Amino acid sequence: MIVELPEWQPYASGESPWIPEATERGRVVVAWAPAPASREQWSPEIVFDLLEAWSQAGHRVVLADCVLEHPMLHRKAGLANEEGLVDAALFGASVSRIARSVPGRSFFFVGTGSPAGDPEAVLSTARLGRLKDGFREAGVTFVAFVRQGCAGEALLLGAADDVLILAQTSEDMPDGVRGSADKVRAVVGPAAEEPTPTGAALLAERDAMPDLDVNEPVQDESALSDATSPGTADTFDWAES
């Protein structure tokens with residue numbers, strides 16, 4: 001039976017097209033992204049924004065960079081690539097050592113950690129399997145960030161409960177996830193950028209603006225309300241898996 005993928009849709013910041021089912025057991029979600037183009041930044045940006053929306057909806061979320069051969073998400077998180085998945089898999093590093101809060105965000109992040117000689121072997125270890133099971137039992141949504149063609153891609157897709165596809169256009173449908181099509185919950189990508197206005201358009205816009213009345217009274221600054229900065233969301237306690 002052929003399973004059709006969900007229709008591609010442009011991503012609007014702060015508006016998640018899909019939120020994992022709220023259950024007592026956590027979910028393992030693969031966030032699949034295409035192989036990075038030169039200086040590509042949109043997929044990590046969307047992932048971080050989506051997970052923040054999930055956290056605000058009540059999910060406890062852990063994001064893990066599973067592209068062991070080319071780690072990059074730690075830079076987006078503003079964290080050093082210290083102990084991570086490789087250290088948990090090979091040396092038994094605990095959750096409390098590898099999961100770190102992301103500055104300004106409401107979810108936790110696990111980097112790749114130490115260099116991996118055989119990334120696929122690392123991702124298939126029993127220790128990492130127990131780590132994911134521990135997150136499930138704790139009711140945590142564990143999100144594995146995966147790149148097209150990365151080591152362990154098929155393994156991670158096969159172990160996922162849900163798959164989120166990040167695709168730049170509606171035609172950019174990946175072949176690598178066809179075998180997991182029944183798990184795909186949403187296909188999203190960056191909205192098309194607005195065209196840069198031409199010089200003539202900018203002049204026309206300027207000419208259409210009303211003239212400024214220099215005699216118009218200025219609002220009293222004391223009447224303006226003080227802006228308040230939103231605080232960061234509360235963190236949650238981790239149980240050792």
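Colleague: Where in the chain is confidence lowest, and where is it highest?
Modeller: This is a predicted model, and its confidence is lowest in helix α8, residues 199-208, where the mean pLDDT is 56, while it is highest in β5, at 98. Over the chain the mean pLDDT is 81, with 75% of the residues reaching 70 or more.

Colleague: And which residues have pLDDT under 50?
Modeller: Residues 212-236 stay under 50, and for that stretch the model has nine contacts beyond four places in sequence. Where pLDDT is low, the predicted coordinates should not be read in detail.

Colleague: OK, on to the sheet: how many strands, and in what order?
Modeller: There are eight strands in an open sheet with mixed pairing, and their order is β1-β8-β7-β2-β6-β3-β5-β4. The edges are taken by β1, residues 8-11, and β4, each of which has a single partner strand, so one side of each is left without a neighbour in the sheet.

Colleague: What about β6, which strands does it pair with in the parallel sense?
Modeller: Strand β6, residues 140-147, pairs in the parallel sense with β2, residues 28-33, over six bridges, and six bridges also join β6 to β3, again running parallel. V143 in β6 stands opposite V29, and L63 stands opposite V143 as well.

Colleague: Is β3 largely enclosed or open, and why?
Modeller: Strand β3, residues 60-65, is largely enclosed by the rest of the structure, because five of its six residues are buried.

Colleague: Switching to cysteines, how many disulfides does the structure hold?
Modeller: The structure holds zero disulfides. The closest cysteine sulfur to that of C66 is in C150, 7.8 Å away, which is too far for a bond, given that a disulfide needs the two sulfur atoms within 2.5 Å.

Colleague: Are those two buried or exposed?
Modeller: C66 is buried, with a relative accessible area of 2%, and C150 is buried too, at 8%.

Colleague: How many aromatic pairs turn up in a search of the whole structure?
Modeller: The search finds three aromatic pairs. One of them joins F48 and F107, whose ring centres are 5.5 Å apart and whose planes are at 70°, so the pair is edge-to-face. Because F48 lies in helix α1, residues 42-56, and F107 in the loop between β4 (100-101) and β5 (108-110), this pair ties together parts that are 59 residues apart in sequence. F48 and F107 are both buried.

Colleague: Which charged residue sits over the ring of F48?
Modeller: That is K76, whose charged end sits over the F48 ring at 5.8 Å from its centre.

Colleague: And how are F135 and F142 arranged?
Modeller: F135 and F142 form a stacked aromatic pair, with 5.3 Å from centre to centre and 15° between the planes, and both residues are buried.

Colleague: Last one: where is A89, and what does it touch?
Modeller: A89 is in helix α3, residues 85-91, and counts as buried at 6% relative accessibility. Leaving aside residues up to four places away in sequence, A89 touches V122, T125, R127 and L128. A89 and V122 are 33 residues apart in sequence, yet their C-alpha atoms are 6.2 Å apart in space.

Conventions. Residues are numbered from 1 along each chain as its sequence is written. This is a predicted model: local features need pLDDT of at least 70, side-chain atom pairs count only at pLDDT 80 or more; totals for chains, interfaces and linings use all residues. Side-chain values use heavy atoms; hydrogens and water are left out. Buried means under 20% relative accessible area, exposed over 50%, partly exposed in between (1.4 Å probe, protein chains only). Rings of Phe, Tyr and Trp (its six-membered ring) pair if their centres lie within 6.5 Å; planes under 30 degrees apart count as stacked, over 60 as edge-to-face and the rest as tilted. Helices (H or I, at least four residues) and strands (E, at least two) are DSSP runs, numbered from the N terminus. A charge sits over a ring if NZ of Lys or CZ of Arg is within 6 Å of the ring centre and within 35 degrees of the ring normal. pLDDT is the predictor's confidence in each residue, from 0 to 100. Contact means heavy atoms within 4.5 Å. Two strands pair if DSSP finds at least two bridges between them.
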